[in-house]
Amino acid sequence: MYNFGNFNEIIMGKILLRNIVNGGVASDILIEEGRISRISAADNQIDASVLTADGTEVVDCTGRTVVPGFVNMHTHAGMSMMRGIGEDVAFHEWLSNIWNVEADITPEYVYHATRMACLEMIKTGTTTFNDHYWYSPMAQKAAAELGLRGVFAYVICDKNDPDEAERQKVQCQEMYEVSKSWPSTASFAIAIHAIYSVSEPMILWATDFARKNGLNIHIHVSETRKEIADCKAEHGGMSPVEYLDSLGVLGPDVIAAHTLWVSEKDIEILGKRRVNCVHNVNSNLKLASGYRFLYNELRDAGANICLGTDGCASSNNLDMLETIKTSAMIQKAWRDDPTAMPLDELMQMSSANAGKALGINIGKIEEGALADILIVNTDNYSFMSPGSFEANLIYSAHSDCIESVICNGCFVMRDRVVPLEKEILREAKKHMS
């Protein structure tokens with residue numbers, strides 16, 4: 001292993017990654033002011049002697065490969081201390097159990113749970129997460145302390161209660177104002193929980209508020225067969241996708257989690273509106289919501305497809321590499337097609353597609369992109385084969401091959417060490433439900 005030395009806080013500075021493999025080519029990558037400023041092939045090395053004079057840290061990355069940081073496009077970070085509380089039950093019973101637990105959680109609980117989630121995400125290679133949970137200022141604080149990039153939503157969930165709707169309108173506006181003081185690594189969004197938990201007037205209000213303020217809309221859509229049947233019974237035969245489209249909700253600013261049970265007409269709408277659809281394979285499998293995610297059809301229609309883990313109360317972990325592998329394996333199996341979800345598309349779904357959805361220049365190893373990157377140790381058994389790096393990473397390796405993580409141009413993990421790890425775990429134990 002290489003040695004980065006000690007580090008106790010996240011400090012942005014200049015970093016030169018020397019002799020790191022990028023796209024199969026040994027390269028030098030210079031990081032300045034949170035961005036990738038220069039990439040040079042090893043036979044045209046950047047002059048480190050000039051850079052070290054101004055304090056640039058030079059890191060020998062021989063035997064390592066660089067990839068974009070993973071982006072978890074749908075999760076509930078504050079659920080990281082709820083693993084295993086609703087096992088072996090159907091989705092709607094599980095959801096009812098979760099709501100009972102959440103009735104008693106506090107902002108402090110969410111803060112400590114999100115810190116633990118961020119620790120796990122760093123360890124497994126996630127540099128950005130799109131969160132859909134309560135007490136978003138506390139989640140933002142936790143992510144900032146660990147150096148992660150995140151999108152933190154105010155969750156609209158009035159459950160058809162007019163008084164609760166009015167309270168949430170006021171609170172949402174207040175929280176939006178608070179978010180203006182957040183660091184550049186944090187963004188604010190509007191989360192509409194789902195069509196079955198949010199009244200129509202509130203769906204319209206939340207959509208209007210988001211669009212007036214240029215915010216993304218994050219919503220659960222078509223996750224279960226029951227959701228489809230209930231929607232059709234209540235809304236004149238319309239599916240959830242059709243219903244949301246009739247309200248003017250769908251568009252390229254919408255991040256639709258699950259989109260699992262969709263018809264040909266739904267797919268046409270999602271593609272036409274350029275909706276960002278997030279596949280959450282492990283959660284869907286574990287809750288038996290379904291497995292036939294129509295990736296090819298949604299992609300070909302024009303939807304932007306991303307990947308997410310969902311929350312730990314359903315998927316039980318936040319490991320994006322596991323999500324990537326499982327997504328591919330299930331597609332290949334149910335389609336009876338080994339060419340389904342090819343390697344390059346898997347890598348895009350876990351990074352660049354998410355950057356497009358969020359409007360952030362991440363998910364790419366190129367000059368000018370934000371420096372959210374993973375350093376992968378290929379000097380281990382998972383990579384000792386003539387197969388491609390991407391094949392070995394996705395199908396052979398585990399996330400412990402991710403040796404170091406840089407987010408926004410700063411090391412947040414070096415040699416598998418994350419600052420404050422022991423303290424985070426110790427404090428989380430005190431607040432477990």
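Reply: Helices here (H or I, at least four residues) and strands (E, at least two) are DSSP runs numbered from the N terminus. Keep in mind that this is a predicted model, where local features need pLDDT of at least 70, side-chain atom pairs count only at pLDDT 80 or more, and totals for chains, interfaces and linings use all residues. Residues are numbered from 1 along each chain as its sequence is written, and side-chain values use heavy atoms, with hydrogens and water left out.

Me: Which residues of helix 7 are buried, and what puts them on the same side?

Reply: In helix 7, residues 225-234, the buried ones are Glu227, Ile228 and Cys231. They span an arc of only 100° around the axis, so they lie on the same side of helix 7. The arc is taken over the directions from the helix axis to the C-beta atoms. Buried means under 20% relative accessible area, exposed over 50%, and partly exposed in between (1.4 Å probe, protein chains only). Exposed Arg225 and Ala233 sit on the face turned away from the buried side.

Me: What covers the buried residues of helix 7?

Reply: The cover includes strand 10 (217-221) and helix 8 (240-246). Contact means heavy atoms within 4.5 Å.

Me: Why is helix 3 called oblique to helix 16?

Reply: The axes of helix 3 (residues 107-123) and helix 16 (residues 421-430) cross at roughly 140° and come within 9 Å. That angle makes helix 3 oblique to helix 16. The cut-offs are under 35 degrees for roughly parallel, over 145 for roughly antiparallel, 65 to 115 for roughly perpendicular, and oblique for the rest. Axes are lines fitted to C-alpha atoms, for helices over the stretch in contact, with angles from 0 to 180 degrees between N-to-C directions. The crossing of helix 3 and helix 16 is left-handed; that word applies if the near helix is turned anticlockwise from the far one by less than a right angle, and right-handed if clockwise.

Me: What makes the contact between those two?

Reply: From helix 3 come His112, Arg115, Met116, Leu119 and Lys123, and from helix 16 Glu421, Glu423, Ile424, Leu425, Glu427 and Ala428. By class, the contact of helix 3 with helix 16 has 5 nonpolar, 1 polar and 5 charged residues. Ala, Val, Leu, Ile, Met, Phe, Trp, Tyr, Cys and Pro count as nonpolar, Asp, Glu, Lys and Arg as charged, and the others, Gly among them, as polar.

Me: How do you know whether helix 5 and helix 6 are parallel or antiparallel?

Reply: Helix 5 (residues 162-179) and helix 6 (residues 200-212) pack at about 15°, with axes 11 Å apart. They are therefore roughly parallel to each other. Their crossing is right-handed. Helix 5 brings Ala165, Gln168, Lys169, Cys172, Gln173 and Tyr176 to the contact, and helix 6 brings Met202, Trp205 and Phe209. The classes come to 6 nonpolar, 2 polar and 1 charged.

Me: Is Asn19 buried, exposed or partly exposed, and what is the value behind the label?

Reply: Asn19 has a relative accessible area of 24%, so it counts as partly exposed. The residue is in strand 1 (residues 15-22), and its phi is positive, about 60°, although it is not a glycine.

Me: And what label does Tyr135 get?

Reply: Partly exposed, because its relative accessibility is 35%. Tyr135 is in the loop between strand 7 (126-131) and helix 4 (136-146).
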